Amino acid sequence: MSWQSNAQGKRASLIELIPPKWRIPTSDIPSVTRLRDFGEYICRFLDRRELEITNAPSSRILANIRSGEWTSVDVTRAFCHRASVAHQLTNCLSEICFVAAEQRAKALDESFLRTGQTVGPLHGLPVSLKDRFNIEGLESACGYVSWLGKEKSENNEGILVKRLRRMGAVFFVKTNVPMSMLMGETNNNIIGSTINPYNRNLSAGGASGGEGALLALKGSPLGWGSDIAGSIRIPCAFNNLFGLRPSFGRLPASGMATSLPGLPVNGSVVGPMAGDLPTIEMAMKVVLDTFPWQDDCDVLEMPWREEKLQNIRSRTARHRERDGKLVFAVMSCDGNVQVHPPVQRAMALVTKALLQRGYEVIEWQPPPHHDAVQTLFQILGSTAGKEVRNAIDASGEPPVHQLQTWYDNDNVEPSSSAEFWDLCNQRDQYRSEYNQYWTSTREKNVAKRQVDGVIMPVAPTAAVEEGCFNYYAYSGIVNLLDYTSGSFPVTFADRSIDVETPDHVPLNPTDRAIWRTYQKDLFDGAPVGLQVMGKRFEEEKVLGLMEALTAALQDFSVGQIGEPSSPF
């Protein structure tokens, strides 16, 4: 069969796995010109009960299942329905297993009725997974036609999947990823492009873009993605979500399809994504409470540290003296590419919200990010280039247009050992310089402490038009350093406020090209998210900082924002 037939067959099979009563006629799907935000539109396809269930946060879902108010089957069916609608509107799914999910939910209900006990802390909670996660009975094509038709077995599953199932999770879908799994957008020749639910003219981001679109439309209460240069944080920023990029080795990352086999450094990490922050905290805690290091040699023996989270919470109290308050640093520009007006405004909004709350805020001027992130991509490219090309060529399919220039250059030979380890040495030297700078910040604030967290953009844009994401210095720096970082929602692009600046002075050709992609009418309504970065293995602390930031933003009056401006 041709690659076209295989791809078409997979697309058709997904639709066939959606019950006929849940299918939407093509004529009923709005065009780009008639609708931007699917948020309200999707609700017309769900009944009152389904809306109540799928609009609830994970904490309420779990509580209602434990109380017997909702059954696992009720919850699973509601999310299967909403996910199927989300897919038909945004191309967000890659695998559907509704029948197996309902069977699993039914077994959980029967166990609960028989014993009066839940099987674990996630009993009956539907959980979605990025396509990279191997699940028994499902494929992990990951955007490659040549990887279709290869169902995974139980032996292919990783520790995280096994732990989630043991805790009572119900797997019901896997979500779309880009060809190569290494892009800030989500596009492949099988499923196609995943659309941003808040603005159909824009991308949902990547590489966990399918997960981002599904969660944004509340088609799942909890999702899991992976992040090697921003793949969790970019879709979260583009889709009004929370997400966490832990340090490598905090969570198990086995059982994952990859284009980077055997890469010994800067590996991909897995992390949770959700529409609310408590779900992210809950997901991290319950997984760590299963002691994953007992079965995965790459996971550090580092249990959940509640005291780290509580320490940050205690320092957010309004009655604390200034020397006990949190100290943040902000970086509104990396010195190489300036951010678009909506992102400028988001940075100004957060800074003013923190100052109003009484926190100390200083400017972040670290060693330059851009060249360091180029080193990261050279490390990744040392093996990925050839693997990606082989996977594309195996079926005869063409590369998606985002990869066309790279593919045509035909420069994908792996690095020599000497070249590879020289890149790693450059990375290590930069990490040392960055740590020294972070340490030096104790001399730059009144409290005389190192900053607790660094707030910066995830990307220079609020989402992108398809084919326009090509700058990773804001997100990739976290991966090079292997720091912990959390993405959090801030605001939405507004054409009445975030106007184009005709007198913009570009820093370089790249800056000029990215700035020219901004159009206030095009981006209107797109979510704008930022990230807060901590040091390595500071997951609990970063979650506490995300809480502090969210609370500060909620307290801040939008009427006080004014025009975006630098606080320095």
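In this predicted model, the buried residues of helix α6 pack against the strands β2 (126–130), β3 (170–175), β6 and β8 and against helix α9 (277–288). Those buried residues of α6, which spans residues 159–166, are Ile159, Leu160, Val161, Arg163 and Leu164.

**Helix α6 and the second largest pocket**

- Just after α6, Gly168 adopts a positive phi of about 105 degrees.
- Sorted by class, the lining of the second largest pocket comprises 14 nonpolar, 11 polar and 6 charged residues.

**The largest pocket**

- The largest pocket holds about 1100 Å³ of space, and of the 35 residues in its lining, those closest to the centre are Leu182, Phe377, Gly381, Trp406 and Tyr472.
- The lining of the largest pocket divides by class into 17 nonpolar, 16 polar and 2 charged residues.

**Helix α12 and Thr375**

- Helix α12, which runs over residues 369–393, contains Thr375.
- Thr375 counts as buried because its relative accessibility is 9%, which falls under the 20% cut-off for that class.
- When residues up to four places away in sequence are not counted, Thr375 touches Leu423, Gln426 and Arg427.
- One of these partners, Arg427, also belongs to the contact that α14 makes with α15, a pair described next.

**Crossing helix pairs**

- The axes of helix α14 (residues 417–440) and helix α15 (residues 473–481) come within 10 Å and cross at roughly 100 degrees, which makes α14 roughly perpendicular to α15.
- On the α14 side, the contact is made by Arg427, Tyr430, Arg431 and Tyr434, and on the α15 side by Ile477, Asn479, Leu480 and Leu481.
- The residues of the contact of α14 with α15 comprise 5 nonpolar, 1 polar and 2 charged.
- For helix α11 (residues 341–357) and helix α18 (residues 539–555), the axes come within 9 Å and cross at roughly 90 degrees, and α11 and α18 are therefore roughly perpendicular to each other.
- Leu349, Val350, Ala353, Leu354, Gln356 and Arg357 of α11 meet Leu549, Ala551, Ala552, Leu553 and Asp555 of α18, and this contact of α11 with α18 has 8 nonpolar, 1 polar and 2 charged residues.

- With a relative accessibility of 28%, Thr118 counts as partly exposed, the class that lies between the limits of 20% and 50%.
- Thr118 and Arg66 are 52 residues apart along the chain, yet their C-alpha atoms are separated by 7.0 Å.
- Leaving aside neighbours within four places in sequence, Thr118 is in contact with Arg66, Phe112 and His123.

**Backbone features in loops**

- Most residues other than glycine have a negative phi, and most peptide bonds are trans.
- A cis peptide bond, with omega of about 5 degrees, joins Gly206 and Ala207, and Ala207 lies in the loop between β5 (192–193) and α7 (209–216).
- Lys218, a residue other than glycine, has a positive phi near 60 degrees and is placed in the loop between α7 and β6.
- Lys218 is partly exposed, with a relative accessible area of 37%.
- Lys448, likewise a residue other than glycine, has a positive phi near 60 degrees, and its place is in the loop between α14 and β11 (453–457).

Definitions and conventions
Residues are numbered from 1 along each chain as its sequence is written. This is a predicted model: local features need pLDDT of at least 70, side-chain atom pairs count only at pLDDT 80 or more; totals for chains, interfaces and linings use all residues. Side-chain values use heavy atoms; hydrogens and water are left out. Axes are lines fitted to C-alpha atoms, for helices over the stretch in contact, and angles run from 0 to 180 degrees between N-to-C directions. Helices (H or I, at least four residues) and strands (E, at least two) are DSSP runs, numbered from the N terminus. Angles under 35 degrees count as roughly parallel, over 145 as roughly antiparallel, 65 to 115 as roughly perpendicular and the rest as oblique. Contact means heavy atoms within 4.5 Å. Ala, Val, Leu, Ile, Met, Phe, Trp, Tyr, Cys and Pro count as nonpolar, Asp, Glu, Lys and Arg as charged, and the others, Gly among them, as polar. Buried means under 20% relative accessible area, exposed over 50%, partly exposed in between (1.4 Å probe, protein chains only). On a 1 Å grid over the protein atoms alone, a cavity is a set of points where a 1.4 Å probe fits but cannot get out, and a pocket is an open set with protein on both sides within 12 Å along at least five of seven lines; lining residues have an atom within 4 Å of a point. Grid points are joined across faces, edges and corners, and a volume is the space filled by probe spheres set on the points.
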